[in-house]
Amino acid sequence: MSLPSPSITPVSGSADRTARPLALDNVTLEYPDGGGTVKALDGVSLSVGAGQMVSLVGPSGSGKSSLLAVAATLVRPTSGNVVIDGVSTTDRRDAELTALRREKVGIIFQQPNLLPSLTAVEQLMIGHHLRGMPLKAARSRARELLGLVGLDGSAEKRPHQLSGGQKQRVNIARALMGGPKVLLVDEPTAALDHERSASIVGLLRQVTDEFQVATVMVTHDTEFVPLTDAVAVMRDGGLTAPVRPDVHHSGV
């Protein structure tokens, strides 16, 4: 299956990408390990603009998942700063970070983790209805997003009635329910075949463009890197500066 070739824009210096919904500044993350410490992130800096999609590659254990967790404010860094849509997360209380994450960040996990008893539309509705969105409005928004990801005819299906690719599409739609500024994606194609993988990455490209979110996608499928605007490599907790996919040579 041939992949579409998006127009590639440099990571910096682009007049139409001056807004930076996600910025990590010299972030370090250390874990205790016996009598010492393990440095999962070592002075990582990354800035992602609105409508920009950055792929993150690297060997297992290099720190990719740690970077996503810190960017999502699920884990506090040992030092450095994470800025989400202009809001510094340093010294924020847990409740403030939870609210910021709910309002500004969409997270797409490797496994969709759909609730088996709920239909596709209910998977999207439940969290937002519980947080105060009127039921009718939540259902309308959920159906709109399911249509966007190509699941018009599957809104009332439960997870056991959906394919792996369809489940991942529900996962993507669910992450968009809150209108996020940042989209963090962890290995979205890990459990899919080649054709469905290409479809999902293509959908993420479309979503990034249409919603003008700042997207970071961790992937082991370097074949799909050309669909993104930039690629950065993680090794031993360090991150290379993002470069255009056409100048990246994978050695991971």
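Biologist: Why is Pro 112 called buried?

Modeller: In this predicted model, Pro 112 has a relative accessible area of 12%. Buried means under 20%, so Pro 112 is buried.

Biologist: Where is Pro 112 found, and what does Pro 112 touch?

Modeller: Pro 112 is in the loop between β6 (105-108) and α3. Leaving aside residues up to four places away in sequence, Pro 112 touches Lys 167, Gln 168, Asn 171 and Arg 174. Pro 112 and Lys 167 are 55 residues apart in sequence, with their C-alpha atoms 6.3 Å apart in space.

Biologist: What makes Asn 113 exposed?

Modeller: The relative accessible area of Asn 113 is 55%. Exposed means over 50%, so Asn 113 is exposed. Asn 113 is also in the loop between β6 and α3. Its phi is positive, about 50°, although Asn 113 is not a glycine.

Biologist: Glu 187 also has a positive phi. Is Glu 187 buried or exposed, and how do you know?

Modeller: Glu 187 has a relative accessible area of 12%. The limit for buried is under 20%, so Glu 187 is buried. Glu 187 is found in the loop between β7 and α6, and has a phi of about 45° without being a glycine.

Biologist: What makes the largest nonpolar core a core, and which elements give residues to it?

Modeller: A core is a set of buried nonpolar residues joined through side-chain atoms within 4.5 Å. The largest such set has 34 residues. Those with the most contacts inside this core are Ile 108, Leu 124, Leu 146, Val 170, Ile 172, Leu 183 and Leu 204. The elements giving two or more residues to the core are α3 (120-130), α4, α5 (164-176), β7 (182-186) and α6. The largest share, six residues, comes from α6.

Biologist: What does Leu 124 touch?

Modeller: Not counting residues up to four places away in sequence, Leu 124 touches Ala 142, Leu 145, Leu 146, Val 170, Ala 173, Arg 174 and Met 177. A second, separate core has 29 residues, including Val 27, Val 82, Ala 232 and Leu 239.

Biologist: How do you know that β1 and β4 pair?

Modeller: Strand β1 (residues 22-33) is joined to strand β4 (residues 79-84) by five bridges. Pairing needs at least two bridges, so β1 and β4 pair, and they run antiparallel. Thr 28 stands opposite Ser 79 in β4.

Biologist: How many bridges are there between β4 and β5?

Modeller: β4 and strand β5 (residues 87-88) have two bridges, in the antiparallel sense. The requirement is at least two, so this counts as a pair. Val 83 has Ser 88 in β5 as its bridge partner. The hairpin of β4 and β5 has two residues between the strands, and there Asp 85 takes a positive phi near 50°.

Biologist: What makes β2 and β5 edge strands?

Modeller: The open sheet of four strands has the order β2-β1-β4-β5, with antiparallel pairing. β2 (36-48) and β5 each pair on one side only. β1 and β2 pair over nine bridges. Helix α1 (residues 64-71) packs on this sheet, touching β1, β2 and β4, and its direction makes about 120° with that of β1.

Biologist: Why are β6 and β10 placed at the edges of the other sheet?

Modeller: Six strands form that open sheet in the order β6-β7-β8-β3-β9-β10, and the pairing is mixed. β6 and β10 (238-239) each have a single partner strand, so one side of each lacks a neighbour in the sheet. Strand β3 (residues 53-57) and strand β9 (residues 230-235) run parallel and are joined by four bridges. Val 57 stands opposite Val 233 in β9.

Key:
Residues numbered from 1 in each chain as written. Predicted model: local features only at pLDDT ≥ 70, side-chain atom pairs only at ≥ 80, totals over all residues. Heavy atoms only, no water. Buried < 20%, exposed > 50% of the residue type's maximum accessible area, 1.4 Å probe, protein only. Contact = heavy atoms within 4.5 Å. Axes fitted to C-alpha atoms, helices over the stretch in contact; angles between N-to-C directions.
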